[in-house]
Structure formats: structure tokens, C-alpha cells
Amino acid sequence: MLGRLAARCRFGVAAERARELGPSGDPSTVAYLLGVTSEAVDLLTTFPDVSIGGARDIRALVARAAKGGRLLPPDLLLVLDMVSAARNLRRTFFRLPDVDARFPSLADFVGQVADAADLEADIGRSIGPRGDVLDTASEALGRIRREVRVAHARLTDRLNGLVNSGRYASAIQDTIITTRDGRYVIPVKAEARSQLPGVVHDTSASGQTLFVEPLEIVELNNRWREQQLAEEREIERVLDALSAHIGAKADALTTTVEAVAAVDLAMAKARLAFDMRATRPTLWTGGPGGPNGHTSHRVKLVRARHPLLDPNTVVPIDLEIGDDFRVLLITGPNTGGKTVALKTVGLLTMMAQAGLYVPADDTSVVSVFPAVFADIGDEQSIAQSLSTFSAHMRNVIAMLRHVTADSLVLLDELGAGTDPQEGSALARALISYLLERGAMVVATTHYSEVKAYAYATPGVENASVEFDVKTLAPTYRLKVGVPGRSNALAIARRLGMPREIVDAASGYLDPEEIRADALLQDIRKRRDEVDAALARAREAEKEAQQLRRLSARELREAEQERQVARAEALSQAEAELAAVRDTLRRLERDREMVAATREHVEQRREEADRAAESVRTFRRERIARPAPASSSKPIRAGDRVLITSLGQEGEVTAVSDGFADVQLGSLKLRQPLDALQRLGRAKPAPQERVIVKPPAPEFVPMEIDLRGQRAAEIDGILDRYLEDAYRSGLPFVRIIHGKGTGTLRQVVRELLNAHPAVARHSLAPPEQGGDGASIATLREQ
């Protein structure tokens, strides 16, 4: 199991911690470990991108640096990877919402990650991704490398000049330049050695070629080599400085490694839970129990699965112990699943105490045991174990020295490997001893005497794994309260054993054992009937509860509907009453405005009558006025004339046949020339723009209620109302649009902003509607 957990770790240190993981016997520690796993499950479920990618185990490197050792560039790159991965984890994690409240334990781990930004920057500036020391590691290194390049260029230029000049062509073996012992040399023929003065550094295998460093480039070679040595010393200084920086942060970096490993181990537990479809079990914290149950521990596994078997094929089991009994004896045929059930109890208990989720339903309950003892000999299944009687006894004797009332004891095949009578007697004695000690025990056996003992002993319960005789195959289902049968004779008969042999074998059986087996069979049958009846009763009770809940819900819904209907009726009545009140107030205002409008009309009518009387008086005065001296000039088009019969002045537009067409305002008259008096030429009057106004409506209210109108209809309604109000001379109007969602208010506001008749507008004061109405001031005419 620990290997599967380690395989899901992304960090080597976390994998080590996973392999070292063990169960805790302290309930508070177990609760904390399960809480950390729950936080990791929540973290990976909600934020799957959180990771510790790039983390490296640098503990040995940090320890070496702390002792003054020098780290090489590849080592420094490992440190850089670790520091960068830790920084990314810290930055990503603490950017998540509600970190301290939602992931408090993980936040404690991540909070221990050191801030080593200065170290990360120094290494990144100094070491390249291929492990080379960069020129930017120090100013001195950059300068030295520039000098190395200059010295090398001068050296190679001089060498190329020697080789290609032709001066030593007869002495040079090949026109190439090579190196020996870190110095540049030229291959020279052995017989022409004297022609090229220099230092011999090497010879060829045949002795025909000497590798000579010409004297004239010795100084250049020396200069180049000196710069190379200076570069090496500066690189060593840079590596020492970085190593010292790491050594100074040794404690912080070690803590960072452990913190990142703790986070990765928690996430590995979450990944394992996802793969096993596991859930968090409930820890038993105490409660009332039966007189024969355990005083402080309970184990209740619901649809529990062995974690190492294929989850798609394993048969889940239900098991509960500690309430009414504290010893459970599982019986049944070989390969029926007894040992798997035993191991499932032990593994799931240990997993929970190690902070792991268990492959069972989330209603499962486990206890924290200070000690768990197991003696499992399994000849036919998962792991090889001791199977002889003596080996079993050595294990059992060793554990009996330490068993207490808080222990969990798992025993496989009690008393097996010896005489059945003695083995059965020893198994019953062991169970009695453990029962007196108060330990919780789960054991498997084949002995029928042990099954009967379990029925007769308080605190001990039988269980069995089912076997289908028709198919000759186990079903692997565990049934608590029912002992198992060996089914040997039934299997033999099913396989075709002659009947007379099976009958003879039945005759050899002990009659008491046959009666006991028949009694157990009858008990099993009756138990099945009781279980079926109980299942029907529970189903009926469940249906009754559902009906009761349904009835209660329907009653609540009916009461809610009644209250809602009453509230709606009251609200509607209040709205209608308010509407009536608004209508009455509006009618009262309209009545006052109508009265004022009628008075206004009467005043205008009186003014019109007075104006008409003034016109008649003026006409009479003009008629009675002496006629001006007649002009001697004949009347022609364009003259201004007086129509003596009417006392009105007009302009002649045309003259023909003793008559003149006279334009009198908007009227054109034809008058005889002798009825006209010429006043002179008409002066062209400046043309004034004539504005034709439509008649104002008879009555326009000072407010309009738009509530209930659709937004698409508002433009036309409000535009006509504002136009009528403007032509009626109203100084301002009140527009009721209601509060609601604000959509209608926004439409009204946009229309008022664009309307030419509106000078300004604002929301109404609180006493006139507040946000539910707007006041629009109209422009003066």
C-alpha cells in the first residue's frame, strides 16, 4: 500500500516519507492527518493546476555547502530548480481565495517555504541552463573572458601568418594548427627541425613529425594561457561564493525541502483516494453501546473493498463490530473470501490511522487502536505466510504478552494445522482469553464447535462468506450473524460423486454434528426470513416516512400558497386603493387646472373683443378723416392707394379697363380707379418669417403615469405628451415611471435628454415620488 502511495508522489523526498509512513495511535494526530488529506482532496478537486513541478532533493548538496564544500554548476542548477519550484508553489498557493480558512494545514506547510529570491537571482545570473558559468557571473569574469578572446585572436592570427607565409613551407609537415598540453603548435618534419626554432611538445607515433611551438609565439601562448588560468580562478571564486550563499541558507533550504515534501505527500494521498474511489471515514469518539460490546472502540465498514484488489471486480463487504459484540468469527469454505475480509478490516483501520482515505462509503466508522496484532497464514491467496501450527502458535504467544483492552487482534485459521479436536479446543480457549482481556477480535475458522461456541457466548458473533452450491463458486459476500458451512458433501455430490459414496460419508458423520449443522441451517433459514421481513418493514417504514414528508411538504406548500395569495390580495387591494387615491388627486388637480384654463380662455376672449372694437373704432375714424390731396399722377401697378369706401390702404397689383386689382392684406379686391386715392409708391416691407403654430389642445394634465407601459411604447406616448404640454404653455410636468428595475426610468431619461421642448429635468423630490418620478422643466415659448 505504501508503494502505491509513493508512486503517486512527484517529489523524491515525499516518496521517501510515503514509504516510511506508519499508523498513529493518537486520536488527535489521526484526526489532523485525515484533515490534511481532506484539504489536499479539496485543493486538487478545485484547483488541479497547483503542483510542485521541478522540485529536487538538494539536502546532500546543502549539507556539503554548509560544511564549506564547493558545489559545481550542475549542483547549482539542482538548487535553482528547487528554489524556483518552491517559489512557484508559494506564489500560486497564496493567490488562491480563502487559503487560511479553507486550507489551514497546507497553508502552514507552504508558509515554511523560504523566500530565497536573492539566491535564485544569483544562481540564474551566474549559471547557464547547460551548466556553464556565464560572463554575467561577475564583472571580473566578463573582463577576463574578453581578454582571453583578444589573446586567442592574436595568437591564431600570428600562427596563420607563419603557416601561410611560405617561409617555413619546406619544414612544415601539414598546414594545420593544433594543440598539445594546452598550447598551440605546428607539425614540423623531424629532419627539418632546425629550420623552425621553437619548443617541441610532442612527436608523432612514427617519429616523423614533431609538434613545435615556434619561439615567436611563445609569449602570445603564455599570455593566452595566463588569461585562461585567471578565468579558471575567477570561476572557482564564483562557485565558492554561490556555495557559501547556499550554506548560509542551509536551515531555510532544508526546511523548504521538507515543507514541499509534506505538501506533495498530502497531494499523493489525495491522488490515491481518487484512484481508489476512497472516502474519509468517521473517527469514533465514544458513545453508548450494548453490554457485550466494546467499551471504547467501534468499527463499521459499509461497502468496504480490499484496497489491493481490482476495484471493478472486488465484492464489497459490510461489517460492524464493537456495539453488541467485540469478537467476530468468520467461517466458510476455502477461497471464499474469509481472509480477504480479515485483511480488509486490518488494512482499512491502518490506512485511516495513517491519514489515508479508505475504499468504503463515507458512512463508515473506524476507531484509533494503540496496537493492532495480526497472525494471518494464507496458503492460497495474496501473500506468502507461515502456515504450520508451530509458526502460528509462536506468533499468537508473542502477541498475547502485549494485548490490552484497546487492541485490535486479527487471527486467521484459528487452531489450524493440528488435530481438529485439539485445534477446536485451543481456538475456543484463545477466544475466551481475548474476550476476558476486552480486546476487539476478528478471526476466521473452519471448526463447527467454534461456531456453536459463538452462538452460546455473549460478546461473540458468527459471520460467514456465502458459497453458491449450484455454481460451485463463492459469492464473497459477508453475512454477519450467520455461521458458514463447509459444503464438502454437497460439492462432491454436485461434481458427480456416486450417491452411495456420499451417503456413506454422511453416515460416518457424528450425529451431534449433523444435528448441530441442521440446527445452524434452520437458524440460518429463520434469520434469512427475519432479515427479509425486516427489510420489508424498513422499506414500508421508508415509504411511510416518504409519504409523511410528502404530506408535510404539501401542507407547507399549501400554507405558503395561502399566505402568498393573501399577501397578493392585500397587495393588490392596497395598489388599487392607492391608484384610486392617485386618480382622485389627479382629478382634483385637473379640475383646478380646467377652472384656471377656462378663466384664461375668458380673459383671451375679452381681449379679442376689445381688439375688435378698437379696429372698428379705427375704421370709423379713418373714414371720417379728410381725404388727402389727390395725386396728379395716374394710378399704376406698385402704387399705394386708399380704398375710400372701406377706409383701408392697399397696394395696386394690376390696372386694366378702368379698374385696379388691390392687395389688401391676404385679400385681393378689384375696385374702380375713381374709388381709389393714390398715396404714393409702395415701399417694399421687410419680409418676416411667418411661424404657423398648430392650435394648442384644450387641456393637458401636468403629470403623466407611464407605469405598466412597455419600453417600446414609451417614446411615442411621452413625445406627444411633451409636445402638447409645451404648446399649452405649461412651465413643467411630472412624469411617473416607477422604480422597478430602472429600465423604464432610463428610457424616460434618454428621451428627456433629446427632446427639444425640455430645458432640463431631474428626479422628483421624495415627497413627489423620489426615484419613481421625474420633473421636466419646459422651454419658454
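**Strands, helices and backbone turns in a predicted model**

Guide: Strand β17 and strand β18 (residues 667–672) run antiparallel and are joined by 6 bridges. In β18, P672 is the bridge partner of F659. The coordinates are a predicted model, in which local features need pLDDT of at least 70 and side-chain atom pairs count only at pLDDT 80 or more, while totals for chains, interfaces and linings use all residues. Residues are numbered from 1 along each chain as its sequence is written, and side-chain values use heavy atoms, with hydrogens and water left out.

Visitor: How is a strand pair to be read, and which strand does β16 pair with?

Guide: Strands of a sheet pair through backbone hydrogen bonds, either parallel or antiparallel. Here two strands pair if DSSP finds at least two bridges between them; the elements are DSSP runs numbered from the N terminus, helices being H or I of at least four residues and strands E of at least two. Strand β16 (residues 648–656) pairs with strand β17 (residues 659–664) in the antiparallel sense over 5 bridges. Within this pair, A654 stands opposite D661 in β17.

Visitor: Which residue of the hairpin of β16 and β17 takes a positive phi?

Guide: Most residues other than glycine have a negative phi, and most peptide bonds are trans. In this hairpin, with 2 residues between the strands, the positive phi is that of D657, near 55°. D98 also has a phi near 55°, a positive value in a residue other than glycine. D98 is found in the loop between α5 (73–94) and α6 (99–102). R277, likewise not a glycine, has a positive phi of about 55° and is found in the loop between α11 and β5 (282–283).

Visitor: Do D98 and R277 count as buried, partly exposed or exposed?

Guide: Buried means under 20% relative accessible area, exposed over 50%, and partly exposed in between, with a 1.4 Å probe and protein chains only. D98 counts as exposed because its relative accessibility is 60%. At 47%, R277 counts as partly exposed. R640, in strand β15 (residues 639–643), is partly exposed at 32% relative accessibility. Its C-alpha atom is separated by 8.9 Å from that of V662, 22 residues away along the chain.

Visitor: What strand order does the sheet containing β1 have, and which strands stand at its edges?

Guide: This open sheet of 4 strands has the order β1-β2-β4-β3, with antiparallel pairing. The edges are β1 (178–180) and β3 (198–203); each has a single partner strand, so one side of each is left without a neighbour in the sheet. Neighbouring strands are turned by 50° against each other on average, direction ignored. For such angles, axes are lines fitted to C-alpha atoms, for helices over the stretch in contact, and angles run from 0 to 180 degrees between N-to-C directions. Inside the sheet, β2 (residues 183–189) and β4 (residues 209–214) pair over 4 bridges, with P187 opposite F211 in β4.

Visitor: Which helices lie on β2 and β4?

Guide: Contact means heavy atoms within 4.5 Å. Helix α9 (residues 139–164) lies across β2 and β4, at about 10° to β2. Helix α10 also packs on the sheet, touching β2 and β4, and its direction makes about 145° with that of β2.

Visitor: How do α4 and α10 meet?

Guide: The axes of α4 (residues 59–66) and α10 (residues 218–248) come within 7 Å and cross at roughly 105°. That makes α4 roughly perpendicular to α10: angles under 35 degrees count as roughly parallel, over 145 as roughly antiparallel, 65 to 115 as roughly perpendicular and the rest as oblique. V62, A65 and A66 of α4 make the contact with S243, I246 and G247 of α10. Helix α4 is also among the partners of the buried residues of α2, together with α1 (2–7) and α11 (250–276). In α2 (residues 12–19), V13, A14, A15 and A18 are buried.

Visitor: What is the pairing in the sheet containing β20?

Guide: The pairing is mixed in this open sheet of 4 strands, whose order is β20-β21-β23-β22. Its edge strands, β20 (703–705) and β22 (758–763), each pair on one side only. Neighbouring strands are turned by 20° against each other on average, direction ignored. β22 and β23 (residues 773–778) run antiparallel, joined by 5 bridges, and V758 stands opposite L778 in β23. Helix α20 (residues 743–754) lies across β21 (732–736), β22 and β23, at about 155° to β22.
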